[in-house]
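The paragraphs below go through a structure part by part. Please keep the sequence and the coordinates in view while reading.

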Amino acid sequence: MDYLADERKKAEFDVDEMKIVWAGSRHAFEVSDRISKLVANDPGFRKDTRTMLARKELFKNTLRKAAYAWKRIHDLHLSEEEASRLRFYVDEPAYTDLHWGMFVPAIKGQGTDEQQKKWLPLAYKMQIIGCYAQTELGHGSNVQGLETTATFDPQTDEFVIHSPTLTSSKWWPGGLGKVSTHGVVYARLIINGEEHGIHGFIVQLRSLEDHLPLPGVTVGDIGMKFGNGAYNTMDNGVLRFDHVRIPRNQMLMRVSQVTRDGKYKQSDVPRQLVYGTMVYVRQTIVADASCALSRAVTIATRYSAVRRQFGSQNGGPETQVIDYKTQQNRLFPLLASAYAFKFVGEWLTWLYNDVTQRLQASDFSTLPEAHACTAGLKSLTTTATADGIEECRKLCGGHGYLCSSGLPELFAVYVPACTYEGDNTVLLLQVARFLMKTVSQLGSGKKPLGTISYMGKIEHLMQSRCTVQKAEDWLKPSQVLEAFEARAVKMAVSCAKNLSKFTNPEEGFAELSADLVEAAVAHCQLIVVSKFIDKLQQDIPGKGVKQQLEALCGIYYLYLLHKHQGDFLATSYLTPKQAALANDQLRALYTKVRPNAVALVDSFNYTDHFLGSILGCYDGNVYPKLYDAAWKDPLNDSVVPEGYHEYVRPLLKQQLHTAKL
Ligand SMILES: CC/C=C\C/C=C\C/C=C\C/C=C/C(=O)SCCNC(=O)CCNC(=O)[C@H](O)C(C)(C)COP(=O)(O)OP(=O)(O)OC[C@H]1O[C@@H](n2cnc3c(N)ncnc32)[C@H](O)[C@@H]1OP(=O)(O)O
Ligand SMILES: Cc1cc2nc3c(=O)[nH]c(=O)nc-3n(C[C@H](O)[C@H](O)[C@H](O)COP(=O)(O)OP(=O)(O)OC[C@H]3O[C@@H](n4cnc5c(N)ncnc54)[C@H](O)[C@@H]3O)c2cc1C
């Protein structure tokens, strides 16, 4: 029985067409749909006991699943796209994420043609397994501060990789702890006593015969992490080198080279390309944020439609909690954010591909913008997604706290995204630097392009005032864009003015960093809003689909406007009356979305297996499933728990004895 059937009947749009919009294309939808069902129907990919397993058992099970996934990919002759979808739907962090997601891209992006020819075929066949070993015990954010050394030995034509201090131990790389045979290791290059900064080196860590660490290598897992199951399926590792020698041709030499006679040569490409893998992964993290958020929102929306609390009239049913405006005000902006992040993720993938093509043609002009966009959007989307998952847990009341809701594990797996690939505050400070540089160059005749082109309208934006007179005026895209542009430009200019009061710009930057982060957030929110609005300019087929997306876009920007109304009011773009009208319009949009809410989450097309949540199951049959699941907990295997006779019964006896006294 479908307990959500009535909700589904209310939908005012074509769900099948929305599924295609969400997937990105009909082809992408068909691949995702087929592969997600394949995974869901294969008992080899079960994950329902994951939160109850001890670490060793959990980890062994992940190794089994990764090997099984690899076998299925081969047996079924899956394409690269299908294989990547399969790994996604298996939904278990594993060493393979780092092998495919960072080790291979690092070699592709930073290796010469010759190096790629040598290493990539081995990696593609998984005859070697690699990790990305950058972060150390003492330094993560400050990449320039890494201490591992790679000293060139001209006698033997080798680099000597060494960990000179405890804090230089590599610490965190995923897949390193127990599995990787190789790593791209980042180290400080030293030639003839002279330092040349951080470079990547391919280093073999373990024997391909017996998996033992090679001489001079000390390697292991760094220990349990936050949450049950969750990211503990990953072997984040510690690694130390004691004068380990590698051939010279194992330095990744696309950006700079070391010759046989020990000369350091810098190509004409910017040295920042050494950080290129991080730009690539930040882009994929943005594209993935909408998946994690939409998953949590599916659970919270379906459960909010099933759950009833208070408000029974004449013995009739109680109110569905989704009908409370407070619930809508917490839930619908997250639903809207999931769609917003999907579209900004698609755009960022386009931007990344564009900058990659330009780099190949030696056009480096858009690299700073690509760095700022990937860094800023990674920060914005992961912060909002992690907070959003936790909000979804609370939206599910007490039952959200059960592991069987799927939300605690989803949060535990997702929340480190706010830290890895760049701490979110550190990344916003990079955006702020980019903004300050842009503002300082405004008078120089250099025209700001792309996501900062609005800075070119600075004179207009500094003076313009909002023209909204009634709530519906807030539905005009041009009005909304101007509001977000004016806020972003005014916040950036205000920071720039304050910075100019300092004689030492770095001191000023440090002192004003909290304001700078807020200016960076305003800029990034503008990007997300503008890409959602751009999406709506496209031809979007399907009955009612565009109208629903327009409503969601409105919810996204009006919610932001309401949340940050202090910024908008302080920059004098809005009057308090206009801010209040925005809030009226926001409430009207909640009412519009309400009958479509369940269908809007159905459009994500997630299987019950992928959701991994009793509260979010498609048929909404929550209570019997919760009740049954409780009895399956290992603690209920016996009526009297282990330990009773040892620890509880003596207490009870003692109490009886005391009572007699
Ligand atoms: C498909 C994917 C599947 C799986 C993977 C996904 C998830 C798996 C889960 C986890 C994996 C996690 C992996 C990791 O965490 S790897 C380690 C990541 N570490 C970081 O992100 C460190 C963060 N720190 C930095 O990025 C930088 O070093 C920082 C930019 C903060 C340093 O700042 P600093 O000012 O010291 O920079 P400089 O190095 O001096 O550079 C100055 C100059 O360069 C520009 N810049 C900086 N970074 C980049 C870049 N990445 N690209 C281009 N340009 C860059 C910077 O703006 C300055 O420019 P300018 O002002 O013009 O001189
Ligand atoms: C689950 C997980 C997986 C990871 N996987 C990998 C991997 O595969 N490979 C790898 O190399 N690394 C990996 N990492 C490491 C990760 O990239 C770093 O932890 C991350 O870059 C943050 O660096 P940090 O730990 O040095 O934090 P810190 O920089 O020490 O941050 C601590 C605090 O200081 C603040 N802070 C730091 N610098 C500044 C500043 N300049 N201004 C203001 N505030 C500042 C931060 O905002 C934060 O609040 C992983 C980490 C995690 C949690």
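Why is helix 11 largely enclosed by the rest of the structure? Seven of the eight residues of helix 11 are buried, so the rest of the structure largely encloses this helix. A residue is called buried if 20 or more other C-beta atoms lie within 10 Å of its own, exposed if 12 or fewer do, and partly exposed in between, with C-beta atoms placed from the backbone. Helices (H or I, at least four residues) and strands (E, at least two) are DSSP runs, numbered from the N terminus. The buried residues of helix 11 (407–414) are L407, P408, E409, L410, F411, V413 and Y414, and they pack against helix 8 and helix 10.

This is a predicted model: local features need pLDDT of at least 70, side-chain atom pairs count only at pLDDT 80 or more, and totals for chains, interfaces and linings use all residues. Residues are numbered from 1 along each chain as its sequence is written, while chains are lettered from A and ligands numbered from 1 in the order in which they are written. The protein chain has a mean pLDDT of 97, with 99% of its residues at 70 or more; pLDDT is the predictor's confidence in each residue, from 0 to 100. The model scores are ipTM 0.99 and pTM 0.97.

The loop between helix 11 and helix 12 holds E421. UniProt, in an unreviewed entry, places the feature "active site" at E421; UniProt positions are given in the numbering used here, feature names are shortened, and annotations may be inferred rather than shown by experiment. E421 counts as buried because 25 other C-beta atoms lie within 10 Å. Leaving out residues up to four places away in sequence, E421 touches M278, V281, R282, I285 and K378, where contact means C-beta atoms, placed from the backbone, within 7 Å.

Ligand 1 has 26 residues around it, of which G101, V143, Q272, Y275 and G422 come nearest. A residue is near a molecule or strand if its C-beta atom, placed from the backbone, lies within 6 Å of it. Helix 6 (95–110), helix 8 (276–306), helix 10 (367–395) and helix 12 (424–440) each supply at least two residues of this shell, and helix 8 gives the most, with four. The shell around ligand 1 divides into 11 nonpolar, 12 polar and three charged residues. Ala, Val, Leu, Ile, Met, Phe, Trp, Tyr, Cys and Pro count as nonpolar, Asp, Glu, Lys and Arg as charged, and the others, Gly among them, as polar.

Around ligand 2 there are 22 residues, and Q134, T135, G140, S141 and W172 come nearest. Strand 1 (130–133) and helix 12 each contribute at least two residues to the shell around ligand 2; helix 12 gives the most, with three. That shell consists of 10 nonpolar, 10 polar and two charged residues.

Two loop residues can be set side by side. M234 lies between strand 7 (217–221) and strand 8 (237–241) and counts as buried, with 26 C-beta neighbours inside 10 Å. Beyond its neighbours within four places in sequence, M234 is in contact with P93, A94 and G174. N192 lies between strand 5 (182–191) and strand 6 (194–204) and counts as exposed, because its C-beta neighbours inside 10 Å number 10.

The unreviewed UniProt entry also places the feature "domain: Acyl-CoA oxidase C-terminal" at residues 477–653. This span is 73% helix and 0% strand, and its end C-alpha atoms lie 74 Å apart.

How values were computed: Two residues are in contact if their C-beta atoms, placed from the backbone, lie within 7 Å.
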